[in-house]
Amino acid sequence: MKLTGDNVFKFICAVIASSVILVLGLMIYELTIRSRLSIETFGTGFIVGTEWDPVKGIFGALPLILGTLTTSAIALLIGLPISLGVALAISEYMPQKLSHIFSFLVELLAAIPSVIYGLWGLYVLIPFLRDHVYPLLQSSLGFIPLFSGSIYGGGILTGGIVLAIMIIPIISSVSRDLFSLVPRSVREAVVALGATKWETVRIVMSYARSGILGAAMLGLGRAVGEAMAITMVIGNQFKLLPSSLFDAWYTMSAIIVNELLEAIYSLHVSALINIGLLLLLINLFIVILARLIVWRSLRMVRGIMRE
Amino acid sequence: MRESNYRFRRIKSLVMQFMVYLALLLALIPLSSIIFEVARRGLVAINLDFFTKPTPTVGEAVGGVANAIQGTLITIGLASLISVPIGIISGIFLSEYGESKLSTVIRFFNEVLNGVPSIIIGIFSYAIIVLSIGFSVIAAAFALAIIMIPIVTRTTEEALKIVPATIREAVLALGAPKWKTTLYVVLRGAKKAIATGVMLAVARIAGESAPVLVTMGFWKWWFVGLDKPVANLALNIFLFASSPFENWVVLAWGSALILMVMILGINIGVRILTRGRY
């Protein structure tokens with residue numbers, strides 16, 4: 001290759017653009033190196049350990065992992081149907097002019113900083129749920145253990161609700177893109193057969209089925225890694241299993257937020273970075289899988305359009 | 001087909017239509033509640049002291065967030081200084097030299113990095129900067145820069161792709177090499193769109209508090225140097241919100257209000273400026 005201005009420029013651009021790969025690699029490497037003390041001390045016991053005691057120097061992450069996965073699962077359970085409804089309303093039901101405005105409004109939910117969700121959760125949502133919603137839930141469903149126990153306001157269900165609100169923009173925007181790719185001729189064919197609006201919409205959704213799975217996983221990836229809002233509303237209590245959905249719990253990100261600044265000896269720091277490493281691996285697994293599914297699905301729907 | 005069956009299907013369709021709009025309503029209730037509450041409770045905090053005085057001590061009645069505004073601006077400025085050139089050059093690569101295996105891989109990793117939780121990026125900065133030089137502005141700016149890069153890269157790529165091919169061809173036909181065409185003509189043509197991308201990235205990091213917390217911690221004084229922490233608006237919200245002191249809680253809502261005005265202002269402004277262009 002000749003040393004021309006063009007080649008040099010292209011090379012520089014390629015190197016700088018590749019730095020994104022380097023950053024991710026370095027991130028995994030650094031977190032692994034800094035967790036070594038914890039990995040060597042506890043091994044896999046770190047993942048299944050159920051005690052977290054900085055005073056005695058014992059660290060186990062199982063309750064934190066369970067807390068993270070449970071709140072994220074609740075977020076998905078609440079957020080996915082709402083997101084799909086939003087996506088359908090915007091892409092299938094509304095006139096185009098209105099849909100632009102509403103899709104922008106829903107996207108604004110993603111622009112609001114996590115810490116403002118936390119502030120709002122602490123002072124507006126928690127009192128509302130504690131005084132009006134949870135007593136009602138308890139009196140009607142209290143016979144199920146999940147809805148028994150005392151009500152603090154903050155806790156697992158509150159955390160799940162806040163996370164659900166935060167993941168709605170991503171799930172709904174990806175699903176909306178998928179729905180809008182389904183060709184008009186498909187809709188017309190279904191309508192011509194005498195289908196109602198809902199039956200048409202169901203056919204449209206069936207084209208995007210695997211893509212919706214990917215969108216849901218993107219939302220899950222976001223919920224798993226969310227830190228500030230969840231720290232502010234979940235109650236921050238380290239325990240293996242909470243007694244009900246109203247009980248306080250802890251998540252991986254929340255313990256990092258609460259303890260990293262105060263950690264003074266190296267094993268404690270190392271354990272917290274180890275939590276970060278686990279969180280990164282869980283997040284990468286979910287997000288990479290989700291991206292691949294979404295890309296494949298987008299290609300598939302576009303392929304149908306060409307046929 | 002029996003008449004009753006058709007009626008059932010129609011009713012079902014109407015019920016589902018209602019459910020779909022109900023979902024949209026459910027999604028918009030939190031948004032309006034947040035905007036309303038932040039405005040209502042934040043306005044109380046806004047006065048001259050709020051913008052001119054630093055963090056009050058416990059029990060002190062007067063005080064503001066001036067030092068946090070200063071600190072936030074410094075951190076954002078530093079983060080932009082690192083990330084904007086990298087993001088723009090990466091965007092140039094993806095748009096002008098795209099469609100190779102490498103660019104597909106970079107595009108993919110860019111999306112992945114965009115999905116990495118900000119707290120993890122904070123810990124990364126903690127591991128490579130804080131553990132060697134201590135809690136500092138530079139560590140926070142580094143973390144925020146990593147959050148910005150994927151956003152700037154993606155918007156630059158999209159901005160450059162909108163520049164018509166005919167312009168590139170015209171410049172190339174005059175004998176300019178490709179790199180000059182890209183830097184002096186294509187990039188300039190996309191200047192406004194790139195600027196909006198940078199603004200959106202700034203709006204995103206202005207509200208980040210998790211990576212700021214683990215790289216700077218709480219600092220209630222003015223800027224003293226790049227290797228020392230500064231105060232930060234978003235982080236103040238977290239620290240003040242859970243404090244038992246009434247005046248700090250008021251400051252938390254005030255900080256939330258100015259952050260919201262800035263962030264929503266940028267988002268709405270970008271939407272209005274680019275309306276009909278994409």
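## Nonpolar core

In this predicted model, the largest nonpolar core holds 198 residues. Two of them, A:I116 and B:I119, touch the most other members. Within chain A, helix 13 (residues 266-306) gives the most to this core, contributing 17 residues.

## B:S118

B:S118 belongs to helix 5 of chain B, which covers residues 118-133. The relative accessible area of B:S118 is 14%. Buried means under 20%, so B:S118 counts as buried.

What does B:S118 touch, not counting residues up to four places away in sequence? The contacts are B:I147, B:E208, B:A210 and B:P211.

## Chain A: fold and extent

Chain A has 307 residues, and 55% of them count as buried. The secondary structure comes to 13 helices and two strands. Along the principal axes, the C-alpha trace of chain A spans about 75 × 70 × 30 Å.

Contacts in chain A were counted between residues at least 6 apart in sequence. Of these, 74% join residues at least 24 apart.

## Chain A: surface and charge

The accessible surface of chain A is about 13300 Å². Carbon and sulfur atoms account for 67% of that surface.

Chain A carries 20 positive and 16 negative side chains. The centres of the two sets lie 11 Å apart.

Conventions:
Residues numbered from 1 in each chain as written. Chains lettered and ligands numbered in written order. Predicted model: local features only at pLDDT ≥ 70, side-chain atom pairs only at ≥ 80, totals over all residues. Heavy atoms only, no water. Helix = DSSP H or I, 4+ residues; strand = E, 2+ residues; numbered from the N terminus. Buried < 20%, exposed > 50% of the residue type's maximum accessible area, 1.4 Å probe, protein only. Contact = heavy atoms within 4.5 Å. Areas by Shrake-Rupley, 256 points an atom, 1.4 Å probe, with all protein chains shown as cover. Lys, Arg positive; Asp, Glu negative; His and termini not counted. Charge placed at Lys NZ, Arg CZ, Asp CG, Glu CD. Core = buried A, V, L, I, M, F, W, Y, C linked by side-chain atoms within 4.5 Å.
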